[in-house]
Amino acid sequence: MKPRPPKWPNRFLEWYCRPDRLEEIQGDAHELFDRTVIASKFKADLYFTWNVIRFFRWRNIRRKTKHYYSNQFSAAMLKNYFKTGWRNLMRKKAFSMINVFGLAIGLTCFLLIASFVYDELSYDQYAAQYKRIYRVGLQLEQNGGVDDYPHVDVAVGAGIKSNYPEVVEFTRATGNLFDYLRYGDVNVREEGLTLADSNFLRLFSIPLIEGNADHALTEPNSIVVSRAFAKKYFGDKPALGELLTSRRYGTLKVTGVFDKIPDNSHFHYSAFLSMNSNARITNGRQTWSNVGFHTYLLLDEHADPHRLEAKLPALIEKYVVPEIQDDMGISLADAQRSVNTWKFYLMPLSKIHLYSHTKYEIEANGDINNVYIFGALAIFILLLACINFMNLSTASAARRGVEIGIRKSLGSFRSQLVTQFLVESMILAMIALTFAVVFALTLLPFFNQLTGKQIGISFFLSAPVLTSLVVLGITVGLLAGTYPAVFLSSFQTLRVLKSNSPGGSRRSNLRSVLVVFQFAISTALIVATIVAYQQLHFLQNIEMGYDKDQVVVVENAGALGGNMDAFKRKLEQDHRVSHVSHATVPIGNAGSYGGTEVSSRGPNPSGTHIHIFTVDYDFLETMGLQLVLGRNLSNEFSNDSLGLNVVINETAMKNLGWDESNVLGSTIYRSAQVQYQVVGVVKDFHYTSAKEKIAPMMMLYRRVAPTYLVKVKTSDISNFITDTKAQWNAFHADVPFSYYFLDDRFSHLYKAEQTTEQIFIVFMVIAILIACLGLFGLSTHSAEQRTREIGIRKVLGSSVGQIVLLQSKEFLLLVLAAIVVAAPVSWWAMHQWLQTFGYRISIDATVILLAGVAALVIALITVSFQAFKAAMANPVRSLRSE
Amino acid sequence: MKGTHIGELEELVLLMVGVLYPEAYGVSVMDELDKQAGRSLNISAVHAVLTRLEDKGLLESKMSEPTDARGGRRKRIFLLTAAGKRSLEETNELRNQLYNRIPRIALQFRMA
């Protein structure tokens with residue numbers, strides 16, 4: 001064999017030398033080598049190396065390609081790329097469809113979820129100065145846990161402002177109040193009212209379409225209403241200056257109309273009343289130790305909220321302690337001890353929606369975890385789609401081997417081929433993106449229904465979104481196109497031209513890894529969905545401890561005035577009614593129950609927080625609650641009817657430090673003046689959502705309660721409701737009859753989880769679909785590649801089953817690997833998620849097994865579809881084509 | 001000034017290209033310089049001079065047909081251009097003129 005020049009210097013030469021000089025230089029160097037090698041190989045090597053080094057001159061060094069070849073990106077070439085790209089798409093229509101639509105579906109999901117996430121993140125930013133606005137909250141330790149109030153007492157805002165100059169302004173609102181408003185014939189119970197300070201509208205940048213925002217809430221008995229609110233009462237008449245009659249505040253004068261509170265706000269009041277409409281607030285005692293006023297501070301531009309927060313404990317010492325001391329009649333030391341866990345804190349306005357999870361929010365807030373979960377879901381789906389795109393493109397490379405070979409031998413540079421394939425993949429991505437935008441816009445109403453949001457089409461058509469869409473398209477094109485481009489352009493010219501198939505295209509390691517990754521995600525999503533479903537199912541079917549079915553709740557009991565008892569008696573006489581109770585509704589969020597601090601050892605404000613249910617004597621029977629000790633409240637005992645005897649739940653018994661032996665007859669101290677005797681204990685029941693642990697509660701008799709609970713024993717509910725309504729109207733209540741079913745209210749408790757679950761299921765299905773599309777494409781390709789092999793196997797006597805197995809095996813192994821990867825990860829993630837629930841299931845190994853089997857079966861069906869087709873084909877046809 | 005003046009080595013290489021016609025390329029020029037003028041140069045230096053002369057317009061080049069030698073690589077064959085020929089003639093003429101003007105006595109002088 002002829003001796004060859006040393007490898008590394010030769011490579012070095014090829015690397016640095018400008019291509020138009022390489023041939024002559026390398027030729028001369030090799031000629032000299034050949035001449036000297038006859039004498040000594042070593043000397044020849046040295047000489048060659050020396051020559052290579054000497055050739056390393058500025059003149060010979062490779063510079064930008066542009067210097068030698070012009071017009072690499074000529075219009076003609078670009079046109080050619082488009083043309084060949086389009087022809088390739090058209091030649092394999094099914095394959096292209098899978099490719100484009102897989103990506104389009106992925107992008108659609110990404111867009112929709114992105115709009116959801118964006119909306120969640122944009123809350124409360126409509127206020128021009130939102131970055132400087134903070135809400136004051138109060139945290140204190142109670143029942144061994146931390147109680148967190150998003151609102152504080154009436155004097156706190158003014159107190160903070162007067163003590164700290166960095167607070168420029170403060171404003172307060174009372175949260176949702178209800179009232180009955182009347183205008184002419186219209187008489188409506190309004191839920192979304194609030195009393196607000198006069199600067200509230202200005203601070204939150206809520207513009208008025210009628211009236212002046214600066215003065216609208218200055219005068220007492222002013223009301224600023226939303227456009228929809230105004231329309232309800234005044235029709236098309238101008239609302240400004242109209243007078244409404246309120247049950248609580250008398251005559252209200254409309255001083256302003258706003259369009260509506262933006263959707264992405266943490267409150268949605270329908271009307272603002274001036275704070276001084278309630279004289280007790282403005283003229284009454286300015287206290288610190290209660291709660292109830294949502295207080296917002298506007299800080300100075302340079303103020304540091306953390307530093308301000310650190311100063312707030314001084315205010316507790318200055319204002320809260322003396323107040324407690326006075327109110328409770330206790331010593332200074334006791335008062336200090338009782339508030340030593342109190343802490344005022346600041347919550348940035350823009351974080352309220354996602355980060356504030358107190359029990360007493362104005363509206364159900366979002367959750368940053370959901371944003372993360374959905375964000376991750378969106379990115380995963382996009383990744384899955386991109387992976388498909390990559391896999392399918394590289395898999396189709398075999399068909400293009402000849403094209404690449406010919407392009408290369410006609411003088412294409414690698415960079416040109418890379419450009420060609422990137423252009424192609426970007427065209428595909430853009431087509432997919434166009435489809436995705438159309439899909440997203442079409443599906444937006446359904447998506448909004450699913451999420452309960454009101455994201456408009458305008459969101460997708462705004463300039464920043466359109467720009468990011470284009471950027472997204474290009475990024476996806478590059479991301480998905482880079483690997484195929486680099487892979488395809490690396491084929492060796494001679495080999496592809498000779499053998500008509502570039503090596504390694506059937507089984508590529510990267511492709512296998514990507515398939516594993518796809519199915520790992522799919523399996524994890526299946527696990528997550530099953531576990532979430534089980535947990536939700538568990539919560540909804542948890543033994544609530546009472547009977548929620550067939551209970552009609554009649555609201556506004558107070559409106560009947562003197563006829564309250566008469567109404568109850570009328571209901572009791574109805575043969576369709578089994579029990580009636582005039583009491584607090586036993587289902588709601590914790591914030592809807594009144595509560596107080598009580599103790600088993602004398603008055604002490606830092607005792608146990610206990611919820612108070614106002615009930616009558618029929619409550620236990622109506623709700624089917626189970627008495628474990630003592631007796632029910634009864635009108636036979638005078639202390640019962642005075643509200644001095646109470647029935648408590650088991651949790652209260654435990655938290656107050658009693659047990660079955662000593663609880664009956666014990667005293668609950670509310671304050672020095674107010675005490676209760678325990679006469680009975682009921683079995684614990686879930687009066688809030690089962691997401692939360694059962695809290696202490698006590699029931700005491702009051703003649704006035706907000707609702708009637710009517711247990712009915714008829715299937716003809718609608719007739720019963722009609723009759724009851726007639727009865728209600730017969731008492732001339734000045735409030736319309738309104739009712740709901742207890743089990744409806746019950747299902748509302750889990751609405752947020754159900755929504756999340758539904759969204760999750762939808763996107764899980766899509767993710768799996770995308771993964772399957774990819775697998776389908778790959779198996780199609782693989783079957784195509786092996787046409788001849790399969791033909792020969794069949795001729796030699798393979799059965800259809802063997803061939804199907806042969807083809808499915810490699811994919812199934814990949815899916816199996818994916819399951820092994822996904823199982824521990826998904827188990828861990830779901831375990832973390834379950835920790836957020838007060839009552840939870842444990843994850844069963846069978847769930848993961850089930851998910852694995854599901855993934856495997858789905859994959860098997862996808863793959864075997866193509867495998868069967870290939871196996872059933874007539875071998876004559878595949879072999880004759882040779 | 002480029003094109004008007006050529007150095008001694010350049011002149012030598014130009015001559016060699018003429019002598020070697022039509023087989024003047026890097027290695028042959030290098031060999032000929034060594035053989036005829038006793039000038040041993042590295043091949044890269046020869047390349048440098050050749051390309052410099054080409055830049056000055058005194059040489060032109062084309063790629064040869066590939067042969068089995070050199071691993072099938074082609075050679076760059078250099079040819080004199082009209083300007084190259086004129087340049088050679090001019091220097092030759094100048095030399096002859098000047099040589100003829102040297103007094104005979106000066107050439108007969110012998111060192112002791």
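Helix axes are lines fitted to C-alpha atoms over the stretch in contact, and angles run from 0 to 180 degrees between N-to-C directions. Helices are DSSP runs (H or I, at least four residues), numbered from the N terminus. The model is predicted: local features need pLDDT of at least 70, side-chain atom pairs count only at pLDDT 80 or more, and totals for chains, interfaces and linings use all residues. Residues are numbered from 1 along each chain as its sequence is written, with chains lettered from A and ligands numbered from 1 in the order in which they are written.

In chain A, the axes of α5 (residues 93-121) and α14 (residues 368-395) come within 9 Å and cross at roughly 165°. Angles over 145 degrees count as roughly antiparallel, so α5(A) and α14(A) are roughly antiparallel to each other. The contact of α5(A) with α14(A) comprises 22 nonpolar residues (Ala, Val, Leu, Ile, Met, Phe, Trp, Tyr, Cys and Pro), five polar (the others, Gly among them) and one charged (Asp, Glu, Lys and Arg).

Between the chains, 14 residues of chain A are in contact (C-beta atoms, placed from the backbone, within 7 Å) with 15 residues of chain B. On the chain A side, α2 (19-37) and α3 (41-55) are the elements that give two or more residues. The most come from α2(A), with nine residues. By class, this side of chain A has three nonpolar, four polar and seven charged residues.

Confidence is given by pLDDT, the predictor's confidence in each residue, from 0 to 100. Chain A has a mean pLDDT of 84, and 95% of its residues reach 70 or more. Residues 502-506 of chain A have pLDDT below 50; beyond near neighbours in sequence, this stretch has eleven contacts in the model.

Terms used:
Two residues are in contact if their C-beta atoms, placed from the backbone, lie within 7 Å. Angles under 35 degrees count as roughly parallel, over 145 as roughly antiparallel, 65 to 115 as roughly perpendicular and the rest as oblique.
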